[in-house]
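Subject: Structure handover

Hello,

Please find the structure below. My notes on it follow.

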Amino acid sequence: MSPDSAAIPRRIAILTGGGDCPGLNAVIRAVAKTAMFDYGMDVYGIEDGFRGLIHRNAHQLTSADVSGILTLGGTILGSSNKDNPFDHSMNVNGQKQRLDVSGDCVEYINSMGWDALICIGGDGTQHMANKFHQLGVRVVGIPKTIDNDLEATDLTFGFQTAVDTATEAIDKLHTTAMAHHRVQIVEMMGRYAGWLTLYSGVSGGADVILIPEIEYDLEVVARYCKDRSRHGKRFTIMAVSEGAKPKGGEMTVAKVVSDSPDPVRLGGVGSVLAEQIAELTGLEARATVLGHLQRGGSPCAFDRLLATRFGFAAVEYLAQGQSGVMPALKGADIVPVKLEDAVSHLKLVPPDHHVIRAARALGTCFGDEPEA
Ligand code: F6P
């Protein structure tokens, strides 16, 4: 069925929201080139995610703006993980208040003559995108995040590059851990999901992998390190999610960013574990926090391809008159899924996931009591 040309948007705007990840520019390029060259649309870039929508900062993109950016990390539009138009913190008569300014944003969208919005982001961004869709704005989302925790898509772009970066870090830490006979802990991002730690931990051959979905028992981990050293392996590599938590305990919170829609910032479990393991085993232990390195750099080939497919598909959906959807990877295909399904809950690692079963079979410790 050929798209109804009356339904094809003439003017669209794109924003990148939430924490950045490799591949954002590849998506911006794919969206803008498809929209401009295939459909003759005007394309506007909103600056710094939803902050630009609230503060009315946007500019029209030219083909030159989106040329030569495929391989660049970051985002030419800027991003923010603090601004929520439905719960916006602002000063009213000297008092800090939280207000719903989404109506002003819709007014701005209309005043700019934008027929549709493309929101590139993770869970938080897609929540807001869905709310704008419910307000009657034509919206298509595009799933990104190194955490890979967005439901309804097999993978988000940015994830594979982060896995590659973290795997390379584990490889490098391996050699120094071996040289000094240490327990080397590598703390990774991922928020409440262990995908990044699991995939890079297995790829880097980590001996211990601790993820939020499987609570760890410190005694089990300490025993495993000691057993390795008794059997002549004089080092241990531990890949640990920032959200890993001990049995019956809590995640380690680095700080609370009060004006952020998702205020909790995790971090610090690596150093806590290093001290505890050293005390329990008598082995020397060190922690390395990979932090924002995992979000930086040029996207790998897989993410460039996925981002390009997502960007193209998003414009196609708009041209077909769709709204409230996002392109998702299902197997080898890109298919539209509803935003409300994508944000219904976080996609966590099932404890019986095939990768976990494979790693356990190879002797990897997940911090729990091995089944008899
Ligand atoms: O969601 C992406 C992510 O990098 C998480 O893995 C991490 O917990 C969080 O963002 C860090 O946020 P910030 O950049 O605000 O420190």
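Which residues are around the ligand? They are Asn81, Ile146, Asp147, Met189, Gly190, Arg191, Glu242, Arg265, His292 and Arg295, where a residue counts as near a molecule if one of its heavy atoms lies within 4 Å of it.

This is a predicted model, in which local features need pLDDT of at least 70 and side-chain atom pairs count only at pLDDT 80 or more, while totals for chains, interfaces and linings use all residues. Residues are numbered from 1 along each chain as its sequence is written, and side-chain values use heavy atoms, with hydrogens and water left out.

The shell around the ligand divides into two nonpolar, three polar and five charged residues; Asp, Glu, Lys and Arg count as charged, Ala, Val, Leu, Ile, Met, Phe, Trp, Tyr, Cys and Pro as nonpolar, and the others, Gly among them, as polar.

Now the domains, whose bounds come from an automatic or database assignment. The protein is divided into domain 1 (11-157 + 299-331) and domain 2 (161-296 + 350-361). Their C-alpha centres lie 32 Å apart, and 18 residues of domain 1 are in contact (heavy atoms within 4.5 Å) with 18 residues of domain 2. Each domain gives at least three residues to the shell around the ligand.

Regards
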